[in-house]
Amino acid sequence: MIKQTEGSQAVAEAVALCRPEVICAYPISPQTHIVEGLGALVKSGELTPCEFLNVESEFAAMSVAIGSSAAGARTYTATASQGLLFMVEAVYNASGLGLPIVMTVANRAIGAPINIWNDHSDSMSQRDCGWIQLFAESNQEALDLHIQAFKLAEEMSMPVMVCMDGFILTHAYEQVDMPEQAQVDAFLPPYEPRQVLDPADPVSIGAMVGPEAFMEVRYLAHAKQTMALDRIPEIADEFKEVFGRDAGGLVRGYRIDDAETIVVALGSVVGTLEETIDTMRAEGVKIGVLSIRCFRPFPMAAVRAALARTARVVVLEKSFSVGLGGIVSTDVRLAMVRIHVRGYTVVAGLGGRPITQESLLRVLRLAVADELKNLTFLDLDWDIVNRHLAREAASRHTGPLPEALLRDIGASAPRSR
Amino acid sequence: MTQPIKFYQTGTFTVGNRLLPEDKRTVQSSTARDNSLNSGHRACQGCGEALGARYAVDAAMRATAGQLIAANATGCLEVFSTPYPETSWQLPWIHSLFGNAAAVGSGIAAALKVKAAKAGLPEAVTRVIAQGGDGGTTDIGFGCLSGMFERNDDVLYICYDNEGYMNTGVQRSSATPPAARTATTQPLGPEPGAEFGKGKNVPLIAVAHEIPYVATATVADLHDLEAKVEKAMSLRGARYLHVFVPCPLGWGAASCDTIRLARLARETGLFPVFEAEDGEITAVTKIRRPVPVDEYLRLQKRYAHLFGAKGHPETIARIQAMADKNIKRFGLLDAEGAA
Amino acid sequence: MVTAAEMLSIAAFEQGRHAQAFPSFGSERTGAPVVAFCRIDDKAIRLREPILAPDALIVQDAHLLDQIDVFQGLKPDGYVLINSRHSVSEMGLDEVAAGLPSGHILTLPATEIAMKHLHRPLPNAVLLGGFAAMTGMISLEAVTYAIGRKFKGEVAERNIGAAAEAHAMLSAHEEARA
């Protein structure tokens, strides 16, 4: 049914359609509306039987999820940013134990300085932990991916995180097509665990593994993720058969076939990029967008195939590795080994700084003319940066950094009439 | 005709199981016991935790007719019971992390509740225990423990308290008693060993959460331990059992003194044995024969620096004062038993 | 304000259009200046940037006019609806009005109308009713539907009544001008 609703609410309804048995979450902006929505559905009896636990921290949330999943229940949680970091020990534990937990990450920047707005640093910080990472471009895709995620996770015995941009998607009201329960039931069978805590057949889960076997266990996780590279497009096809639309998969190209420049990006910025690309195409520029929808496992072959014939790749990412540069661009570069292409990294939108068409047009025109530096920070105010560096060179006691910057930004007090 | 029975075992009040009617014997005395923690584990000789866990888990198994799942924190128990590639656990068992046993237990209980609902049952038949050492319970696991308590999740948490991080080499935890030597509270300086005025009383914190059942027990009174486990499993909701388990290696005690030390801890008043329900203390185990603390301390090398020519009698006096305070606070002595 | 943008998007959806509403802030606290955006189109909306060149502006708190340049980026033929019981002239906005087509900047005593119907200074629905009359971008029926989606029972009824009064007030104003 087509409805106009908030992204978080759409995700909550989609998750509920998947008949989760245990939901546990700790509130953190901007995920709160998702969990509140699910809590309401459980309380009203619409989602039943389902245990909804209000846990005392994100670490507890993932730990409760581990217990629940190990006991054979379909389990869901959600978090963002600081919350994801707080549960990291348990995040690794979940993937290490092979538990098919599904988690929404409402992408948000990581502090310090504390920042509630969107960027991808949280998911990116966990790219090595063994979870499958899927990125949604829109609220429709966000809700669709959750349905696919449960199926994928349970088949592979591997946890899946569905990443959606905080505020930009979670708090946006837009049109979505919400599936019917019968459709989801047809697509997603009941959870059949590979391993389960059951008195009828006792097992010990989580024992120590020594040097004799640890490498093999780790490798098997990698092997499974590699297998997922085949399964993910298949699940997207199966999804299309039942629900009638495209969602998920590994990558999606927009006007890339004859493109001389391809912009690579993840998440909601792809929408703005498509508008920008249309503008530039109308000007005669051969440019396209490659959206990476599955970031882990990294679709090496698909990315390589998509970028093989272009002259120029611009990776536009909302993530950044301090001391190195781009994160996504490093992975993309790996896919391009032995293919000669001009590569540019544009780090944009950190801490929620808006990414505007105007700025994108400016930077992409420079890229197309090969006048762009290898690493660019979109809309960075170099004046402020340089002024602060000079300040630090001149004096030791510069105080907390962001507060020092505020002097230059010139925050003013309101005047009232 | 009645005849007084002479007890030939000295220094202990143990009564051989053969002298008791069957229904009063421990679970361990039965050949039908579950052996949930089976032999072959790698615990040290005289390990109090292995003894306590064996009794506690089998008692829980009997109380639940074998319908039990265990979540275990990282620590000695987890390590010595699952030396890769073997496991001594004969019940479904999961080890997740150091600080989350209580939360994992909560998760298992939630899953079981839903499964029961789907089977048309009013509540879960399979029950859950979560267990860990003092480190995993009073320190790193404290947040999850409190969360499990306040949600009243249907989990029995058993803490095996050997007063330190033993598995990693005997470091101080918030359960380490004052003056005790550990690797991080060396017997040096003006206040040798662990400092006074620190630490937590987690059993009383559990009571303050007003959960259905809290009890402390020791491995000196194994009947009592089993009875408390059974009592706990007859109730639903959050329950906590804090078991005093001497560690010969960590405490520098003889491996044959484990049970003796546990008894002395009770009889000195240093480890009060009590039960509480819904926030009120309901029963205490009285001290039969009060004992001065140095009889207890003397048997452990972790207190050796308090004795001898360079000893600290004033510290021993402070420890005695702590014991006396416990006796008064919990009413551990009847009037005629007062020292 | 967030609710107003959301209701506007629901009204547009009800009229068969695509609409995207989103806030520019995040913290859930009252008292901070808030901007909410709504994009309306006949085809699916891909753009995710904040609206920098609005076709229309609804100002719920007139005090903000002193603090920030509210009109920055407004299209030359844009609309402005300000919640105030003062006239455009009284607010010192004649110069702004001169730069816009006639009738494109209006004030509406939305808080007062809200107080009358709801006994609370919540002008969201009222402003939407006025906006519908002023611009014709959405119909009063759609606004009524949107209010019904966001509120229930008597609260919804009163909001609908308040919106209708605002609509009538500005419709009369438009007719008077014409």
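Student: How many salt bridges are counted between chain C and chain A?

Tutor: The count is 4 salt bridges between chain C and chain A. Keep in mind that this is a predicted model. One such pair is R46(C) with E275(A), with 3.2 Å between the closest N and O atoms.

Student: How many residue pairs in polar contact does the rule find across the interface of chain C and chain A?

Tutor: It finds 13 residue pairs in polar contact there, both residues being at pLDDT 80 or more. Next, look at the elements involved. On the side of chain C that touches chain A, those giving two or more residues are helix 1 (2-14), strand 1 (18-23), helix 2 (64-67) and helix 6 (140-150) of chain C. Strand 1 of chain C gives the largest share of that side, 6 residues.

Student: How many residues does the contact take from chain C and from chain A?

Tutor: Chain C gives 27 residues, and chain A gives 33 residues. Then read the area. Between them, chain C and chain A bury about 2,500 Å². Carbon and sulfur atoms account for 46% of it.

Student: Which residues in chain C lose the most area to chain A?

Tutor: They are R46(C), R48(C) and D66(C). Together they make up 32% of what the chain C side buries. R46(C) is also the salt-bridge partner of E275(A).

Student: Now the interface of chain B and chain A. What area is buried there, and what share do carbon and sulfur atoms give?

Tutor: About 2,900 Å² is buried between chain B and chain A. Carbon and sulfur atoms give 66% of that area. The contact takes 38 residues from chain B and 38 residues from chain A.

Student: How many salt bridges does the rule find across the interface of chain B and chain A?

Tutor: It finds 4 salt bridges. Among them is E51(A) with K113(B), whose closest N and O atoms lie 3.5 Å apart. The residue pairs in polar contact between chain B and chain A number 13, both residues at pLDDT 80 or more.

Student: Which elements of chain B give two or more residues to the side that touches chain A?

Tutor: Four names to find in the model: strand 1 (68-72), strand 2 (93-95), helix 3 (101-118) and helix 5 (142-151) of chain B. Helix 3 of chain B supplies the largest share of that side, with 12 residues.

Student: Over how many bridges do strand 3 and strand 4 of chain C pair?

Tutor: Strand 3 and strand 4 (residues 79-83) of chain C pair over 4 bridges.

Student: Last, one residue. Is R266(B) buried or exposed?

Tutor: Buried means under 20% relative accessible area. R266(B) has 6% relative accessibility, so it counts as buried. R266(B) sits in helix 9 (residues 258-268) of chain B. Beyond its neighbours within four places in sequence, R266(B) contacts D221(B), F271(B), V273(B), T285(B), I287(B) and R288(B).

Key
Residues are numbered from 1 along each chain as its sequence is written. Chains are lettered from A and ligands numbered from 1 in the order in which they are written. This is a predicted model: local features need pLDDT of at least 70, side-chain atom pairs count only at pLDDT 80 or more; totals for chains, interfaces and linings use all residues. Side-chain values use heavy atoms; hydrogens and water are left out. Buried means under 20% relative accessible area, exposed over 50%, partly exposed in between (1.4 Å probe, protein chains only). Contact means heavy atoms within 4.5 Å. Two strands pair if DSSP finds at least two bridges between them. Buried area is the accessible area (1.4 Å probe) that two parts lose on being put together, summed over both. A salt bridge is a side-chain nitrogen of Lys or Arg within 4 Å of a carboxyl oxygen of Asp or Glu. A polar contact is a pair of N or O atoms within 3.5 Å; within protein, one must be able to donate a hydrogen and the other to accept it, and residues adjacent in sequence count only if both atoms are side-chain atoms.
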